[in-house]
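Reader: Hello! I have a model that I would like to look at closely with you, and I would like to begin with one of its open spaces.

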Amino acid sequence: MNLDKIRQGIRGLEDRKIFLNNAGSSLMPKVVVDSMIDYLQQEEQTGGYIVAAKNEAFLEEFYEETAKLINTKSSNIAFATSATDAYAKALSSIIFKEGDVIITTVDDYISNQIVFISLQKKLNVKIVRTKNLSDNELDLEDLENLIKKHQPKLVAVTHIPTNSGLIQDVEAVGKICKQYDVLYLVDACQSVGQMEVDVEKIGCDFLTATGRKFMRGPRGTGFLYVSDKVLEQNYAPLLLDMRGAHWSEFDDYELFKTAKRFEHWEISYASLFGFTQAIKYANQIGLDQIENYNKNLSGILRNNLKESGFQIWDLGNHLSSIITFSGPDGNLENIQKVLKENNIFFSVTYKNSALIDFTNKNINGIVRLSPHYFNTIDEIEKVSEILKNSLK
């Protein structure tokens with residue numbers, strides 16, 4: 001990677017900030033922003049319909065580039081306005097009945113846990129959560145036993161929780177789901193963009209992701225992967241529109257063949273255009289290079305903080321480019337003050353966003369730093385030193 005060239009292509013770094021909140025909403029490259037502005041200026045002059053028709057070939061690149069990103073076919077990709085939008089459409093395509101079981105984990109993302117509880121309240125669907133082993137890894141034996149016992153309608157796993165650097169073993173879960181022919185949904189909103197994600201290896205039926213985090217795209221973008229098996233079995237979102245089906249009879253329709261059936265007709269094409277540029281940008285660098293670089297950055301930062309006396313809350317054998325920590329006494333206020341004073345961008349997560357995980361860890365919150373491939377080792381060392389001095 002040409003790090004100097006990458007950094008020169010980010011206007012957001014011109015004020016010399018140290019940006020370490022890529023797990024929240026990253027800094028877009030110039031090419032992403034400029035493409036969106038250009039598209040909107042075209043709409044300003046001729047209206048959205050003409051611009052969309054004129055740029056049809058370029059807009060189709062979204063499906064090709066996203067397929068390349070996660071190792072699938074363009075026909076398996078649907079655009080979404082967020083990871084949550086993609087997740088909701090995937091869930092809505094499953095006809096849940098009273099007594100059906102969803103198996104998930106204690107580390108699933110807050111919005112996913114809430115939507116499961118919503119299904120529980122409205123449809124009397126049962127939520128079952130797998131155990132973690134003593135090293136915080138998924139207890140795969142427990143998962144298999146739960147599948148045998150409950151014969152679930154769905155297994156849902158968050159690849160990387162937003163509140164922890166843990167990388168969950170989604171590939172091992174996929175093998176178990178395939179063995180028992182159970183629908184499998186993966187939330188990859190924190191993994192896509194920071195590391196290689198291969199849906200063939202994972203073996204999932206659905207996978208959801210967002211544009212604004214490690215993909216460095218605009219807000220209001222995301223995507224949904226839908227497997228051939230699911231498409232062939234005519235799964236479709238509960239609330240279809242003309243993007244998803246052909247109106248064939250007065251009281252009937254025919255589903256379109258591809259994952260586009262999970263889209264709605266009206267979207268922001270400027271956002272789609274920008275997200276496509278972000279995906280092309282990541283593909284050109286290579287997710288293997290991005291992943292290796294990120295592992296090095298996050299490893300240095302995590303070790304530095306630990307050696308300085310901070311409490312590190314990333315528990316597991318495989319950790320990502322999300323570092324969660326607190327002061328030795330659990331304090332977060334002084335850390336936030338010091339980071340703000342030094343123009344270091346970060347985020348904070350409190351117990352209500354990770355209720356099960358933080359209850360088990362007996363903590364009320366964490367500070368989260370999430371470096372990415374445009375950060376330098378010098379920045380990591382500088383942040384480490386600033387935080388170390390804050391404890392003196």
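Author: Happy to! Please keep in mind that this is a predicted model, in which local features need pLDDT of at least 70 and side-chain atom pairs count only at pLDDT 80 or more, while totals for chains, interfaces and linings use all residues. Residues are numbered from 1 along each chain as its sequence is written, and side-chain values use heavy atoms, with hydrogens and water left out.

A pocket here is an open set of points on a 1 Å grid over the protein atoms alone, with protein on both sides within 12 Å along at least five of seven lines; a cavity is a set where a 1.4 Å probe fits but cannot get out, and lining residues have an atom within 4 Å of a point. Helices (H or I, at least four residues) and strands (E, at least two) are DSSP runs numbered from the N terminus.

Now for the largest pocket, with a volume of about 570 Å³. Of the 24 residues that line this pocket, E171, M195, E196, V197 and E291 are nearest its centre. Two or more lining residues come from each of α4 (56-70), α8 (170-179), α9 (199-202) and α12 (287-308). Here α12 has the largest share, with four residues. The lining of the largest pocket comprises nine charged, eight nonpolar and seven polar residues.

The largest cavity has a volume of about 60 Å³, and among its lining residues are I167, M195, E291, K295 and S320. M195 and E291 are also among the residues nearest the centre of the largest pocket. Five polar, three nonpolar and two charged residues make up the lining of this largest cavity.

The second largest cavity, at about 40 Å³, is lined by residues including I103, D139, L143, V155 and V173. Strands β3 (101-104) and β5 (154-158) each give at least two residues to that lining, which has six nonpolar, three polar and one charged residue.

Around these spaces stands a protein with 15 helices and 15 strands. Its C-alpha atoms fill a box of roughly 75 × 60 × 30 Å along the principal axes. Finally, buried residues (under 20% relative accessible area, with exposed over 50% and partly exposed in between, for a 1.4 Å probe and protein chains only) account for 57% of the 392 residues.

Definitions and conventions
Grid points are joined across faces, edges and corners, and a volume is the space filled by probe spheres set on the points. Ala, Val, Leu, Ile, Met, Phe, Trp, Tyr, Cys and Pro count as nonpolar, Asp, Glu, Lys and Arg as charged, and the others, Gly among them, as polar.
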